[in-house]
Amino acid sequence: MIHIPDLANATPVGVIFCILAFITVITAFLTIFSRNPIHSAIYLVICFFSIAGHYLLLNSQFLAVVHIIVYSGAIMILFLFTIMLMNLNEQKDVHRPRITRLGAIVSFCLIVIVLIAIFINSKPIVGDYDSTGEDFQSIKVLGKILLNEYMVPFEFASILLLVAMIGTVLLSKKEKLNK
């Protein structure tokens with residue numbers, strides 16, 4: 001059964017959470033459905049900032065600041081350069097076959113049905129909370145965990161970003177005409 005929050009007795013943190021959640025969902029939909037790629041990028045930045053607000057509500061200041069610097073800063077700059085280099089602002093309406101559109105709609109509906117079924121059938125995790133007493137908000141502890149236990153995935157992510165950047169440059173290069 002869906003729990004509807006009581007807004008009359010809501011705490012300030014609950015109200016801020018609801019506002020941030022609303023902003024996140026709306027800007028995510030605007031990112032997807034906007035026809036102008038520059039507007040989509042701006043909506044995505046707003047979405048990233050609202051997600052950083054969620055991190056602040058969870059008392060994770062370091063993660064919020066890193067999220068703003070990395071996603072709202074670096075990644076969005078890469079997206080904007082990609083949009084500018086590929087000149088996606090031109091309106092080239094590609095006529096797709098109806099079977100492709102039908103396939104996309106059917107796939108979307110199936111995914112939504114599966115996600116709703118998972119959400120309805122999920123049960124909250126009830127159990128004891130094991131606390132080690134270690135402060136995971138510390139930058140020192142986070143650095144040790146990231147560069148010791150998760151070194152290989154961390155390096156894979158950096159290589160993936162490098163390959164994506166090189167691919168963007170190669171795709172955006174235009175062939176020079178021989179004269």
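Predicted model: local features only at pLDDT ≥ 70, side-chain atom pairs only at ≥ 80, totals over all residues.

Biologist: How many helices and strands does the protein have, and what makes a run count as one?

Modeller: The rule takes DSSP runs numbered from the N terminus: a helix is H or I over at least four residues, and a strand is E over at least two. The protein has six helices and zero strands, and the order from the N terminus is α-α-α-α-α-α.

Biologist: Which residues does UniProt list as "transmembrane region"?

Modeller: The unreviewed UniProt entry lists residues 12-33, 40-58, 64-87, 99-120 and 150-171. UniProt positions are given in the numbering used here, feature names are shortened, and such annotations may be inferred rather than shown by experiment. In the model, residues 12-33 are 100% helix and 0% strand, with end C-alpha atoms 32 Å apart. Residues 99-120 are likewise 100% helix and 0% strand, and their end C-alpha atoms lie 31 Å apart.

Biologist: Why is Ser50 called buried?

Modeller: Buried means under 20% relative accessible area, exposed means over 50%, and partly exposed lies in between (1.4 Å probe, protein chains only). Ser50 has a relative accessible area of 4%, so this residue is buried. Its place is in helix α2. Across the protein, buried residues make up 14% of the 179 residues.

Biologist: What makes the pairing of Thr24 and Ser50 a polar contact?

Modeller: A polar contact is a pair of N or O atoms within 3.5 Å; within protein, one must be able to donate a hydrogen and the other to accept it, and residues adjacent in sequence count only if both atoms are side-chain atoms. The side chains of Thr24 and Ser50 are joined by a polar contact of 2.7 Å. The side chain of Ser50 also has a polar atom 2.8 Å from the backbone oxygen of Cys47. Thr24 lies in helix α1 (residues 12-33), and its relative accessible area of 14% is why it is called buried.

Biologist: Which residues touch Thr24 and Ser50, apart from sequence neighbours?

Modeller: Contact means heavy atoms within 4.5 Å. Leaving aside residues up to four places away, Thr24 touches Cys47, Ser50, Ile51 and His54, and Ser50 is in contact with Leu20, Ile23 and Thr24.

Biologist: Is His67 buried or exposed, and where is its place?

Modeller: His67 has a relative accessible area of 7% and is therefore buried; its place is in helix α3 (residues 61-86). A polar atom of its side chain lies 3.2 Å from the backbone oxygen of Phe48. Beyond four places in sequence, His67 touches Phe48, Ile51, Ala52, Tyr55 and Ser72.

Biologist: What makes a group of residues a nonpolar core, and which residues form the largest one?

Modeller: A nonpolar core is a set of buried Ala, Val, Leu, Ile, Met, Phe, Trp, Tyr and Cys residues joined through side-chain atoms within 4.5 Å. The largest has five residues: Ala41, Leu44, Phe48, Met76 and Ile83. Helices α2 (37-57) and α3 each supply at least two residues of this core, and α2 gives the most, with three. Leu44 is in contact with Thr31, Met76 and Phe79, leaving aside neighbours within four places in sequence.

Biologist: How many disulfides are there, and by what rule?

Modeller: A disulfide is a pair of cysteine sulfur atoms within 2.5 Å. By this rule the count is zero. Cys47 counts as buried because its relative accessibility is 7%, while Cys18, at 35%, counts as partly exposed.

Biologist: Why is Asn59 called partly exposed?

Modeller: Asn59 has a relative accessible area of 47%, and therefore counts as partly exposed. This residue is found in the loop between α2 and α3, and has a positive phi of about 60° although it is not a glycine.

Notes. Residues numbered from 1 in each chain as written. Heavy atoms only, no water.
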